Amino acid sequence: LLFRFSARLDLAAVYDTDMLLAYLGGTTFVYLLGFGGALLRRRGLEEAAIEGQCAAIGNTGFLGVPMLISIFGERAIAPLMLALVVDLIVFSSLIVILITARRDGRIRLATLGAVAKGLVANPMIVSIALGLGWSATGWTLPAPADATFALLGAAATPGALFAIGASLADRSAERVSVAVWLSFAKLVLHPAAVAVATLVVFPIDRFAAGMLIAIAAMPVAGNVYILAQHYGVAPQRASSTILISTTAAVITLSFVIAKVIVFTG
């Protein structure tokens, strides 16, 4: 899905400085709210990193990409890719660096190398990079290849929904008060912050602004739990937040997307 659409995009259509700063700024603001809230409760740097991630990083890859493309069409792919790259490169790297630096007492080159290796191997980043690389050649995808990618890409939405459901099957809500706060930050404060950033601080195209707001309204990403479990830092809290935010998103995300449809015309 990502390769097929990015193969037909110009890099200039994906990258826009104001769009980048708007999404990064709004997301950073909410990340700091989650991070700071944990520190105020004296939970320590590692738990603060997990809570900051819960507050700011949504399920863009599994849910946002297939859903918004199916609703808004190919125009949605450029802001989707930009938001996905920001989440993966900036914030997914940040949580690893913060936790390992806290445990090692310093930032080691080996840690930065592991982060870089993980980014290079990430299939979402790889598919976007390869697609833009193909686009740069000026070639069009051969019809059989394009049809094959379209067929496989069409499986993204049902496959993603099945994966999300399966990931929630064995989850139970613990530390509910914190999970509710983090879910509120993700589902309400994050899209609100991105709306202010895209419409007031760094005014951008209405459609792009609407897409970034919808992306910010996505529930907490499943990879937050994977990282929490891997490092042994508050996995139950991350799990509960994913469960609660995904359930509540049935209402909140539907509301935001409906408003975005009206806003973008």
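**Ground rules.** I am working with a predicted model, in which local features need pLDDT of at least 70 and side-chain atom pairs count only at pLDDT 80 or more, while totals for chains, interfaces and linings use all residues. I number residues from 1 along each chain as its sequence is written, and my side-chain values use heavy atoms, with hydrogens and water left out.

Ala234 is buried, with a relative accessible area of 13%; I take buried as under 20% relative accessible area, exposed as over 50% and partly exposed as in between, with a 1.4 Å probe and protein chains only. Arg42, also not a glycine, has a positive phi of about 60°, and I located Arg42 in the loop between helix 3 and helix 4 (45–56). Arg42 counts as exposed, at 75% relative accessibility.

**Helix 5 against helix 6.** I found that the axes of helix 5 and helix 6 come within 10 Å and cross at roughly 175°, the axes being lines fitted to C-alpha atoms, for helices over the stretch in contact, with angles running from 0 to 180 degrees between N-to-C directions. Helix 5 and helix 6 are therefore roughly antiparallel to each other; on this scale angles under 35 degrees count as roughly parallel, over 145 as roughly antiparallel, 65 to 115 as roughly perpendicular and the rest as oblique. From helix 5, Thr60, Gly61, Gly64, Val65, Leu68 and Ile69 meet Ile77, Leu80, Leu84 and Asp87 in helix 6, contact meaning heavy atoms within 4.5 Å. I sorted this contact into 6 nonpolar, 3 polar and 1 charged residues, with Ala, Val, Leu, Ile, Met, Phe, Trp, Tyr, Cys and Pro as nonpolar, Asp, Glu, Lys and Arg as charged, and the others, Gly among them, as polar.

**Helix 6 against helix 7.** Helix 6 (residues 77–104) packs on helix 7 (residues 109–121) at an angle of about 155°, with the axes 10 Å apart. That makes helix 6 roughly antiparallel to helix 7. On the helix 6 side I listed Leu88, Ile89, Ser93, Val96, Ile97, Thr100 and Asp104, which meet Thr111, Leu112, Val115 and Leu119 in helix 7. The residues of this contact divide into 7 nonpolar, 3 polar and 1 charged.

**Helix 11 against helix 14.** Here the axes come within 8 Å and cross at roughly 30°. Helix 11 and helix 14 are therefore roughly parallel to each other. The contact involves, among others, Ala179, Leu182 and Ser183 of helix 11 and Thr241, Ile244 and Ser245 of helix 14, and by class it has 11 nonpolar, 5 polar and 1 charged residues.

**Thr241 and Val220.** Thr241, which I found in helix 14 (residues 235–264), is buried, with a relative accessible area of 0%. Not counting residues up to four places away in sequence, Thr241 touches Cys54, Ala179, Leu182, Ser183 and Val220. Val220 and Gly58 are 162 residues apart in sequence, yet 4.4 Å apart in space, C-alpha to C-alpha. Leaving aside neighbours within four places in sequence, the contacts of Val220 include Gly58, Asn59, Lys186 and Ile242.

Leu212 is one of the buried residues of helix 12, and Leu212 touches Met19, Tyr23, Pro79, Ala83, Val194, Thr198 and Ile204, not counting residues up to four places away in sequence. In the largest nonpolar core, which has 74 residues, Ile50, Leu68, Phe72 and Leu212 touch the most other members; such a core is a set of buried Ala, Val, Leu, Ile, Met, Phe, Trp, Tyr and Cys residues joined through side-chain atoms within 4.5 Å. Helix 6 gives this core its largest share, 13 residues.

Key. Helix = DSSP H or I, 4+ residues; strand = E, 2+ residues; numbered from the N terminus.
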